[in-house]
Amino acid sequence: MTLQAIKPAAFPWFPYEGFTFCLGLSEDGGAWSSGHTAAAFDEAVGKMTVSGTMTEQARTAYEKTMTIIEAAGYGPGDVVHVTENVTIAGLADYAAAAAVREEVFGEHRPTVTTVVVERLVRSAALLEVELHAVRGGGAELLAASERREPGTWAPSPVREGHDGTVHLPTMVPVDGSGDVVSPGDFAGQYAYCLDRADALLRKAGLSLDNAVTTYDYSTPATREVYRKTHRVRKERLGGAGVYPGAGGILMSRLHHPEALVAIDVTASRHPLELVNPGWSRYDTLTYAPGVRAGRTLFMSGFAALDMETQEALHPDDIGAQAEVTYGSILHLLEYAGLGPADLLSTIEFCVESALRQYRAVAPVRERLLSPPWPASTGAICKGLLRPEFLLEVFPTALYPEGAPTTAHATTAHAATAHAATGHATGDAS
C-alpha cells in the first residue's frame, strides 16, 4: 500500500488543492494530518486570517484535523499521537487548549507532544495541531497517571502507533512538584530529560536503545554550551549500535521559565538500521542521518550544511538553503531506495528573522517534491544551532509495504560521500 492524500468531500476553511503539502496522508491502517491552525480564507479581505481566543482557535484547529482523519475513516478513539505547537504568546492560555483536547477525545488519551514555538506563520495564531491515527488508537504501553510524571509536561500515556512507532510525551527538566531541576545547568537538564525518557520507556518494556529520534528545543543562550550534550548523549544513546536521528531548534523561552531544554523522544518496536549514504562526519557524532525501523525511515534535521567542508551554505538566502536542504533529504531517500512520493511528513522551522523570505521555500518544494505531497507543518523559531541557518527540516518517510530491508544500511559509511548536503545539528554536537 502506498501513501495517499486525504481529500475530504467538504473542507470549508480554505481550498486545499495546489499546495506543496497535503491536508493529510493515509495508508491501510494509518492516517497523519498536516499541522493546522485556526486559519481560514476570508473572502472579504481575500486572504487567510486567524482570530479568536485560545479556546476558539483550539476548537477550530481540532475541527479541521478531525475532519481530515475522519475523511480517511478514523475517529477520535483512533488517535494515537497529538502534536500541539503552542506559541510563546499563547503559552499562558495553554490550559484552555488542553481543555478543548479533552472535549475532543473524552476518555480516550492519546500521547501529547507539546512544542513551544516562537510564533506561527499566521501571526495571530496561538496553536497548531497535528494528529496521527491508527485503528483502535494503537496500544497503550504505559497509562497516564492523573498526576504529571516527573520530567514530562502534562499527564500523557506512552502509546505505540503505526509500524511499531512508540510516542512519548515531551520531556522537560521539571520534577514531580513542578520545579525545574539543575537550574542554569544545560547539560544537567539535558541528561535529566533523557533519563526520564528512558524511565518511561523501561516501564513500557523498552529503553533509550529503541530511540529513533531525539528532537531537542533549547534557547539561544545554550549555543555556547551545546557541545556538552555530546557526552550526555554518548553515555545514554546508541546502546543497540545505532544512534537515533536528532535535530536542534532554539526558542526564546520554553515550557518553564527556567527550562533550558525540552526533548521529544520517539522510539520503535523494530530493530534499528543505520542509513547513511557515506557521510563520514557521523562516525564520531551521537546521531545518525537516518534510522530505518520496520517500514519507517526516521531522519535527523537537515539544513544547508556542506557535509565535506562543514560550511554553512547561502547564509542570507532561505530559498537557496531550501534547495540544499531538500537536496540532502532526497539524496538520503535515494540511497535508502525511496523517493519524494515516500515522504510521510516534513516539519519546517523557519528562523524568525527570515520569515519574510519563507515564501521562497514553496517553489523549491514544488520542484523537488511530488504528489501526494508530504503531510507538513511549519513553525517559526528564534534561531538554529548554526546562526547562519535560516531553515531546518525534520523529515520522515515510509517504505511501501513489502519493501526489502536495506541490507547495506549498517555499512553505509563505506559509500561515496555526496557534497553540498546538510544536517542542522551539524557542528553543534
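**Notebook: sheet, rings and pockets**

I looked up Gly 30 first: its bridge partner in S8 is Val 134. The model is predicted, so I note that local features need pLDDT of at least 70, side-chain atom pairs count only at pLDDT 80 or more, and totals for chains, interfaces and linings use all residues. Residues are numbered from 1 along each chain as its sequence is written, and side-chain values use heavy atoms, with hydrogens and water left out.

**Sheet**

I then checked the strands around that bridge. Strand S3 (residues 30-33) and strand S8 (residues 127-134) run antiparallel and are joined by 3 bridges. Two strands pair if DSSP finds at least two bridges between them. Helices (H or I, at least four residues) and strands (E, at least two) are DSSP runs, numbered from the N terminus. I traced an open sheet of 6 strands with mixed pairing, in the order S1-S2-S3-S8-S6-S7. Strand S1 (4-5) and strand S7 (111-117) are at the edges with a single partner strand each, so one side of each has no neighbour in the sheet.

**Rings**

I found 14 aromatic pairs in the structure. Rings of Phe, Tyr and Trp (its six-membered ring) pair if their centres lie within 6.5 Å. One aromatic cluster is formed by Phe 11, Trp 13, Phe 14, Tyr 16, Phe 19 and Phe 21.

I also looked for charges over rings (NZ of Lys or CZ of Arg within 6 Å of the ring centre and within 35 degrees of the ring normal). Arg 135 has its charged end over the ring of Tyr 74, 4.0 Å from the centre. Arg 281 lies over the face of Tyr 282, 5.2 Å from the ring centre.

**Pockets**

A pocket is an open set of points on a 1 Å grid over the protein atoms alone, where a 1.4 Å probe fits, with protein on both sides within 12 Å along at least five of seven lines; lining residues have an atom within 4 Å of a point.

I counted 34 lining residues for the largest pocket; Phe 19, Phe 21, Val 121, Arg 122 and Tyr 358 lie nearest its centre. Strand S5 (47-49), helix H6 (361-368) and strand S19 (375-381) are the elements that give two or more residues to this lining.

I turned to the second largest pocket. Of its 14 lining residues, Arg 101, Glu 102, Arg 109, Val 112 and Pro 155 are the closest to its centre. Helix H2 (residues 94-105) gives the largest share of that lining, 3 residues.

Note on methods
Rings of Phe, Tyr and Trp (its six-membered ring) pair if their centres lie within 6.5 Å; planes under 30 degrees apart count as stacked, over 60 as edge-to-face and the rest as tilted.
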